[in-house]
Amino acid sequence: MIEVDGLSKSFGTVRAVQEVSFSAPDGRITGLLGPNGAGKSTTLRLLYTVLRPDRGSARVDGIDIVHDPVAARRRIGVLPHGAGLYPNLTARENIRYHGQLCGLGGAALEARLDELIALLDLRDIENRRAKGFSQGQRTRVALARALVHDPQNLLLDEPSNGLDVLGTRALRALMRRLREAGRCVLFSSHVMQEVAALCDEIVIVAHGRVVATGTPQALRERTGAATLEDAFVAAIGIAEGLE
Amino acid sequence: MSRATLVVLAKEVKDNLRDRRTLMSAVLFGPLFGPVFFAIMVSIMLTRTAGQMDEPLELPVAGAEHAPNLVSWLEAQNVDVQPAPEDPQAAVRARRHDVVLVVSPDFAERFAGGEPAAVRIVADSADSRAARHSARARALIAAYGQQLAQLRVLARGLSPSLMSPIAIEEVDVATPAARSVLILGMMTYFILFAVLIGGMYLAADTTAGERDRGSLEPLLALPVGRRELVAGKLGATCAYMLASLAITLAAFTVSLRFVPFERLDMVANFGPAVAVRALLVMAPFVLFGASLLTVVASFTRSYKEAQTWLSLVLVVPTLPIAIASLYAFRPVAWMMLVPSLSQHLLITELIKGEPVPAALVVTSAASTVALGLGLAWLATRLYRREAILG
């Protein structure tokens, strides 16, 4: 459960995120939808505490991210934009490293690694060094890494970037599985179809602000649009920035 | 040390062991370059110096027929008297000869008359290589003159000792080990260089490299404090630097055995016992160097930029030593406060084989560790900045 309350962040004179508030409940997939440069990534980076908000705050399972960032991070798994692996380590070692840093170890960690490797279909590359991995392979390893400590909340920044059709399908299946397990899944995307296919809740952001929130159905009804795409365009008020 | 710190340390050590470039520079090229290069350089230098003392002096003499006694005396002093070139000054200027002796035509006449008989030594004082030869020619001729003067005094019935009102006797208190310090003092440059090279790639890889690869952001999103992460990364850098230090010291104990110090009446006092002490004296500098490299690398925007800056940092610790060698410092308390200088001076004393006061060693270690911890703290501060993500 993630509750965001009036988050603001500026870089110099650029106001990247302004007064963003929304909540991402457990057992739901919440999509942050918006054109490029709308402030989606900055919002997620504030939530996983590599950036500090200028104003406002957020709670992860009730833990304030500004007051106790380490405790908040314990509750979340993160797939950052363009997540990088260590090229000299194997897929398994990459995942194990993050597991150890989350305090796992021994037989329990190895069992968890086996589980994730099976779940993300990494068996044929688990003992290969990450140096030559394709984008899709890298993303799958990074996803396994984000899930290694079995977090209640999962933050994914443009997760389907660079994934082929099969990879995208596997990713969606995984996200649905986490939803069924009662987890909170929050992901950002600028691809309308992806959000429409997956999300229970949509948060539309433009120019650093939240311009609309709700279920796909509610959004269509509120804007009087026939499709979600029309609703999106109506909500952000501009036709540019769509892909 | 926390568990997370150990996890980071172990991962960075393993990760970089798999990187051939790091391995080559940290445990092969860096530590072995100094001992091998130094031994070869010093051997050549010593062999040349020792050889030059025995080899005959080549001395073209113009007008040799005017002073046959002088010429035969010179030949008896291991001088190879050669026919002079047409124009002695032009020949020396063109470096065809190092030194030419010109005997004036009235030499015999003035000599017989008891007046100073003139000879001219043609040399180029700007040619440092030839300076030794012209000095040797000058000394020989002065000695010949002194010998003649004594004979003349004797011929007049006086004691030749009138010619030496003061007897100079030199007592050299330097031990063969201490004499070798002139040369071995340069060793600490190579040791410092090896230590820093050992950590350079890790410092760049664990900071700027991690950011370039995009693995820094997921790392910072883990439930681990920044201080623990930085401590692990510094620890790994220190481990490589210590390995590099140990290898370079061990290599020096081997390579110096092949240097012919005895030819100049010197002894290289750098056996295993001295090497172990040097390792202990140098160890505090490892933390200082690792923190310095990490701080500099954290400021840079990319791995490439980090490498450029770090290779400049390699020079910094040699500056206090270079300045100190201009003044030929002996170790005193305040110098023990300066990292690199204090280690240089203490290792120099170890090589001399002189007892090193414990107070100086403790001051050096304490001050270097304190400054190292200060830099480590600064590195942690830099990791807390948002700008660390680039």
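**Figure 1. A:R28 forms a salt bridge with A:E201, with the closest N and O atoms 2.8 Å apart.** The pair links distant parts of the chain, since A:R28 belongs to strand β3 of chain A and A:E201 to strand β9 of chain A, 173 residues apart. A salt bridge is defined as a side-chain nitrogen of Lys or Arg within 4 Å of a carboxyl oxygen of Asp or Glu. Helices (H or I, at least four residues) and strands (E, at least two) are DSSP runs, numbered from the N terminus. A:R28 counts as partly exposed, at 30% relative accessibility. For solvent exposure, buried means under 20% relative accessible area, exposed means over 50%, and partly exposed lies in between (1.4 Å probe, protein chains only).

This is a predicted model, in which local features need pLDDT of at least 70 and side-chain atom pairs count only at pLDDT 80 or more, while totals for chains, interfaces and linings use all residues. Residues are numbered from 1 along each chain as its sequence is written, chains are lettered from A and ligands numbered from 1 in the order in which they are written, and side-chain values use heavy atoms, with hydrogens and water left out.

**Figure 2. Further salt bridges are shown in chain A, including those of A:E19 with A:R55 and of A:R112 with A:D150.** Over all chains, the count of salt bridges comes to 29. The side chains of A:E19 and A:R55 meet at 2.9 Å, N to O. A:E19 lies in strand β2 (residues 14-24) of chain A and A:R55 in strand β4 (residues 55-60) of chain A, so the pair ties together parts that are 36 residues apart in sequence. A:E19 is partly exposed, at 45% relative accessibility, and A:R55 is exposed, with a relative accessible area of 51%.

In the salt bridge of A:R112 with A:D150, the closest N and O atoms are 4.0 Å apart. Because A:R112 lies in helix α4 (residues 106-119) of chain A and A:D150 in the loop between α5 (135-147) and β7 (153-157) of chain A, the pair ties together parts that are 38 residues apart in sequence. A:R112 is buried, with a relative accessible area of 15%, whereas A:D150 is partly exposed, with a value of 42%. A network of salt bridges links A:R92, A:R96, A:E110, A:D114 and A:E126.

**Figure 3. Aromatic pairs are shown in chain B, among them those of B:F190 with B:F37 and with B:F38.** Rings of Phe, Tyr and Trp (its six-membered ring) pair if their centres lie within 6.5 Å; planes under 30 degrees apart count as stacked, over 60 as edge-to-face and the rest as tilted. The structure holds 12 aromatic pairs over all chains. B:F37 and B:F190 form a tilted pair, with 6.0 Å centre to centre and 55 degrees between the planes. This pair links distant parts of the chain: B:F37 is in helix α2 (residues 20-54) of chain B and B:F190 in helix α8 (residues 187-213) of chain B, 153 residues apart.

B:F38 and B:F190 form an edge-to-face pair, at 5.6 Å centre to centre and 65 degrees between the planes. Here too the pair links distant parts of the chain, from helix α2 of chain B to helix α8 of chain B, 152 residues apart. B:F37 is partly exposed, with a relative accessible area of 37%, while B:F38 and B:F190 are buried. Ring pairs link B:F29, B:F33, B:F37, B:F38, B:F190, B:F193, B:F252 and B:F270 into a cluster.

**Figure 4. The charged end of B:K11 sits over the ring of A:Y86, 3.4 Å from its centre.** A charge sits over a ring if NZ of Lys or CZ of Arg is within 6 Å of the ring centre and within 35 degrees of the ring normal. Within chain B, B:R152 lies over the face of B:F111, at 5.0 Å from the ring centre.

**Figure 5. The buried residues of helix α9 (residues 228-236) of chain A are A:L228, A:A231, A:F232, A:A235 and A:I236.** Seen down the axis of α9(A), these residues fall within an arc of 120 degrees, so they line one face of the helix. The arc is that of the directions from the helix axis to the C-beta atoms. The elements that cover them include β3 (28-33), α7 (192-198), β9 (201-206), β10 (209-214) and α8 (216-223) of chain A, where contact means heavy atoms within 4.5 Å. Just after α9(A), A:G237 takes a positive phi of about 75 degrees.

**Figure 6. The sulfur of A:C199 is 12 Å from the closest cysteine sulfur, in A:C184, too far for a bond.** A disulfide is a pair of cysteine sulfur atoms within 2.5 Å, and the count over all chains comes to 0 disulfides. A:C199 is buried, with a relative accessible area of 7%.
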